[in-house]
Amino acid sequence: MTTRLGDILLDDACKSCGGKGRTTNPEWLEWDNQRRQAKASFSGWLVEHPFPDSAEQLTCTECKGLGMMLTEDGQALLAFFERYEGRVP
Ligand SMILES: [Zn+2]
């Protein structure tokens, strides 16, 4: 869900993960790609090609798992708050 301040868009879904905050491990993508190309039955193929040992899902490195990215306006607003944090004149 995006955040707006009036008409100004402050954040938007991360383009890298589509807003999920995680991505599929490339090892799993490759394993799944090989599985799709295999002519054997899935259970037969699985005996010789076990699931990868690594985690299937990884935290998105672009958004650090938030699923959202600040827009330029959002970054400017955050910088504004950081400038005055704890010492409002
Ligand atoms: Zn992301």
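Select Arg4 and Leu9 to start: Arg4 stands opposite Leu9, which belongs to strand S2. Keep in mind as you click around that this is a predicted model.

Now widen the selection to residues 8–13, and you have the whole of S2. S1 and S2 run antiparallel, and 3 bridges join them. What holds paired strands together in general? Strands of a sheet pair through backbone hydrogen bonds, and the pairing can be parallel or antiparallel.

You're now looking at an open sheet of 3 strands, in the order S1-S2-S5, with antiparallel pairing.

Carry on to residues 72–84 and show them as a cartoon. This is helix H3. It lies across S2 and S5, and it runs at about 110 degrees to S2.

Is Lys64 buried or exposed? Lys64 counts as exposed because it has 11 C-beta neighbours inside 10 Å, and the cut-off for exposed is 12 or fewer.

Now zoom out and colour by domain. Domain 1 takes in residues 1–19 plus 63–80, while domain 2 covers 22–59. How far apart are the centres of the two domains? Taken over C-alpha atoms, they are separated by 33 Å.

With the whole chain in view, trace it from the N terminus: the elements run β-β-β-α-α-β-β-α. That gives 3 helices and 5 strands. Along its principal axes, the C-alpha trace spans about 70 × 25 × 15 Å. The radius of gyration is 21 Å, whereas a compact globule of 89 residues would have one near 12 Å.

Colour by burial: buried residues make up 7% of the 89 residues. Then show contacts between residues at least 6 apart in sequence: 75% of these contacts join residues at least 24 apart.

How values were computed: Residues numbered from 1 in each chain as written. Predicted model: local features only at pLDDT ≥ 70, side-chain atom pairs only at ≥ 80, totals over all residues. Helix = DSSP H or I, 4+ residues; strand = E, 2+ residues; numbered from the N terminus. Rg over C-alpha atoms; globule rule 2.2 N^0.38 Å. Buried ≥ 20, exposed ≤ 12 C-beta atoms within 10 Å, placed from the backbone. Contact = placed C-beta atoms within 7 Å. Pairing = 2+ DSSP bridges. Axes fitted to C-alpha atoms, helices over the stretch in contact; angles between N-to-C directions. Domains from an automatic or database assignment.
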